[in-house]
Amino acid sequence: MLVLVTYDVNTKTTQGRKRLRQVARCCVAHGQRVQNSVFECSLDEVQYVILRDRLSSLIDGEKDSLRFYNLGNHYQRKIVHVGAKPTYDPGEPLIL
């Protein structure tokens, strides 16, 4: 399934900037960055629970926020891309 992960981390403090880097690294390990704080992650149910729990443990619930949008397995018809950044198919292997 495709899950869209978005986050907003308060970076006014050194600890906040550290949390931001940790959240970003965790998201990079599980998906593709499509905007500064937005990732598309192709996950199974277990991977989704692990990612959600890991990210939840990294943030400060009083200052930061996470949002998870489950687009499911038929996500292709739910995404419309307009603009400069090239699109990609999250179901295809990424070659780095």
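Hi everyone, and thanks for coming. Please keep in mind that we are looking at a predicted model.

Let's start with aspartate 64. Where does it sit in the chain? You'll find aspartate 64 in the loop that runs between α2, residues 45-58, and β4, residues 65-72. Is aspartate 64 buried or exposed? Its relative accessible area is 7%, and that is under 20%, so aspartate 64 counts as buried.

What does the side chain of this aspartate reach? Another is the side chain of arginine 19, with which the aspartate 64 side chain makes a polar contact at 2.6 Å. If we leave aside neighbours within four places in sequence, aspartate 64 is in contact with Asp8, Val9, Asn10, Arg19 and Ile59.

Now to the aromatic rings. How many aromatic pairs does the structure hold? There are two. One of them is a stacked pair, tyrosine 7 with phenylalanine 39, where the centres are 6.2 Å apart and the planes are at 20°. This pair links distant parts of the chain, 32 residues apart: tyrosine 7 belongs to strand β1, residues 2-8, and phenylalanine 39 to strand β3, residues 38-42. Tyrosine 7 is buried, at 6% relative accessibility, and phenylalanine 39 is buried too, at 0%.

The other pair is edge-to-face: tyrosine 48 and phenylalanine 68, with 6.1 Å from centre to centre and 80° between the planes. Here, too, distant parts of the chain are linked, with tyrosine 48 in helix α2 and phenylalanine 68 in strand β4, 20 residues apart.

As background, nonpolar side chains in soluble globular proteins tend to be buried together. In this model, the largest nonpolar core has 18 residues, and the ones touching the most other members are Val5, Tyr7, Val23, Cys27, Leu51 and Leu55. At least two residues of this core come from each of β1, α1 (14-30), β3 and α2.

Let's zoom in on valine 5. Beyond neighbours within four places in sequence, its contacts include Cys27, Leu51 and Leu55, along with Phe39 and Phe68.

How values were computed:
Residues are numbered from 1 along each chain as its sequence is written. This is a predicted model: local features need pLDDT of at least 70, side-chain atom pairs count only at pLDDT 80 or more; totals for chains, interfaces and linings use all residues. Side-chain values use heavy atoms; hydrogens and water are left out. Helices (H or I, at least four residues) and strands (E, at least two) are DSSP runs, numbered from the N terminus. Buried means under 20% relative accessible area, exposed over 50%, partly exposed in between (1.4 Å probe, protein chains only). A polar contact is a pair of N or O atoms within 3.5 Å; within protein, one must be able to donate a hydrogen and the other to accept it, and residues adjacent in sequence count only if both atoms are side-chain atoms. Contact means heavy atoms within 4.5 Å. Rings of Phe, Tyr and Trp (its six-membered ring) pair if their centres lie within 6.5 Å; planes under 30 degrees apart count as stacked, over 60 as edge-to-face and the rest as tilted. A nonpolar core is a set of buried Ala, Val, Leu, Ile, Met, Phe, Trp, Tyr and Cys residues joined through side-chain atoms within 4.5 Å.
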